[in-house]
Amino acid sequence: MSAGAPTSFERGGRMWLLQRVTAAFLVVVLAFHFFLLHFYHHAFEITLMGTQTRMQDVGYFATMWLFLVTATFHGVNGVYNALVNQGISGTPKTAVKAILGLAGLLLIAQGTRVALYMNGFLA
Amino acid sequence: MSQSYNRGLVEDFSRWKEFSAGMWAWIFHKFTGWVLVGYLFTHIAVLSTAIPAQQGEMVTNSAGEQVSVYTNTLSLLESTFIVRLLEVGLLAVAVFHILNGIRLLLVDLGIGLESQDKTFYASLVLTGAIVIASVPTFMAGIGGA
């Protein structure tokens, strides 16, 4: 390996590819999210009833849930990559991996719970 | 053949005048990424008010009406000037991260390797233009407007 900053890239690893696949998906969905909730609907006009109506549409619900999962993976993995890039190694690296992994799972669990309440599945 | 770029110590802030366009793109992408992941956690926390709202929790809003805690939380946040300003900042951060992210995906595919500086400047200019054009929409309805 040539000299330079430590890299999270592993030859043959899947994380590098997943980071880019989720990026391509997020480019589209994040732009859609901003357009829908700031330009089509205005953020200050959002009500529980409007959110319920949108979330009861299966396609919209699935898109938003995938948005949650991919954004969490992309964000948490991005933070991990940034820390590896800064030179973190050994026990701190293992601890960071565990903490970020747990934080990501908790966020997905809570986000899923919120989404299921929003569409009326949980009440 | 993989190559690695020695970026030196970014933490040595006095070096900023020596930074190339690629270095700024790297710094801005990291910074905007940190902001977006921080916002993601905050966003889910705010949206979690939908849970008590679905269980029937109502509050009295500033107009004296009974509304759900979710509707009231979002409406209160959206009526605050600083929140609107932060939303414009969030838009700037998200648009730059998207545009620079597209640039990075293209570079990974070997497209535009010779014009990486120009595409970085284009990302900045386009981000500025989109954010400025969006300010009226993002500030709509504030202060009774």
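## Helix crossing and chain contact: worked exercises

In this predicted model, α3(A) passes α1(B) in a left-handed crossing.

**Exercise 1.** Which residues of α3(A) and α1(B) make the contact, and how do these residues divide by class?

*Solution.* 
- Step 1. Take α3(A). Its contributors are A:Ala71, A:Thr72, A:Gly75, A:Val76, A:Gly78, A:Val79 and A:Ala82.
- Step 2. Take α1(B). It brings B:Lys30, B:Gly33, B:Leu36, B:Val37 and B:Leu40.
- Step 3. Sort by class. The contact holds seven nonpolar, four polar and one charged residues.

**Exercise 2.** Are α3(A) and α1(B) oblique or roughly parallel to each other?

*Solution.* 
- Step 1. A packed helix pair is characterised by the angle between the axes and the distance between them.
- Step 2. Get the distance. The axes of α3(A) and α1(B), residues 21–47 of chain B, come within 10 Å.
- Step 3. Get the angle. These axes cross at roughly 135 degrees.
- Step 4. Apply the cut-offs. Roughly parallel needs an angle under 35 degrees, roughly antiparallel one over 145, and roughly perpendicular 65 to 115.
- Step 5. Conclude. α3(A) and α1(B) are therefore oblique.

**Exercise 3.** Describe the side of chain A that touches chain B.

*Solution.* 
- Step 1. Count residues. Chain A gives 36 residues to the contact, and chain B gives 36 residues.
- Step 2. Locate them on chain A. At least two residues come from each of α1 (15–40), α2 (48–55), α3 (58–85) and α4 (90–118).
- Step 3. Find the largest share. α1(A) supplies it, with nine residues.
- Step 4. Sort by class. This side of chain A has 23 nonpolar, 12 polar and one charged residues.

**Exercise 4.** How does the radius of gyration of chain A stand against that of a compact globule of 123 residues?

*Solution.* 
- Step 1. A compact globule of 123 residues would have a value near 14 Å.
- Step 2. Read the model. Chain A has 18 Å.
- Step 3. Check the box. Along the principal axes, the C-alpha atoms of chain A fill roughly 55 × 30 × 25 Å.
- Step 4. Of the 123 residues in chain A, 19% are buried.

Terms used:
Residues numbered from 1 in each chain as written. Chains lettered and ligands numbered in written order. Predicted model: local features only at pLDDT ≥ 70, side-chain atom pairs only at ≥ 80, totals over all residues. Rg over C-alpha atoms; globule rule 2.2 N^0.38 Å. Buried ≥ 20, exposed ≤ 12 C-beta atoms within 10 Å, placed from the backbone. Contact = placed C-beta atoms within 7 Å. Helix = DSSP H or I, 4+ residues; strand = E, 2+ residues; numbered from the N terminus. Nonpolar A, V, L, I, M, F, W, Y, C, P; charged D, E, K, R; others polar. Axes fitted to C-alpha atoms, helices over the stretch in contact; angles between N-to-C directions. Left-handed = near helix turned anticlockwise from the far one by under 90°.
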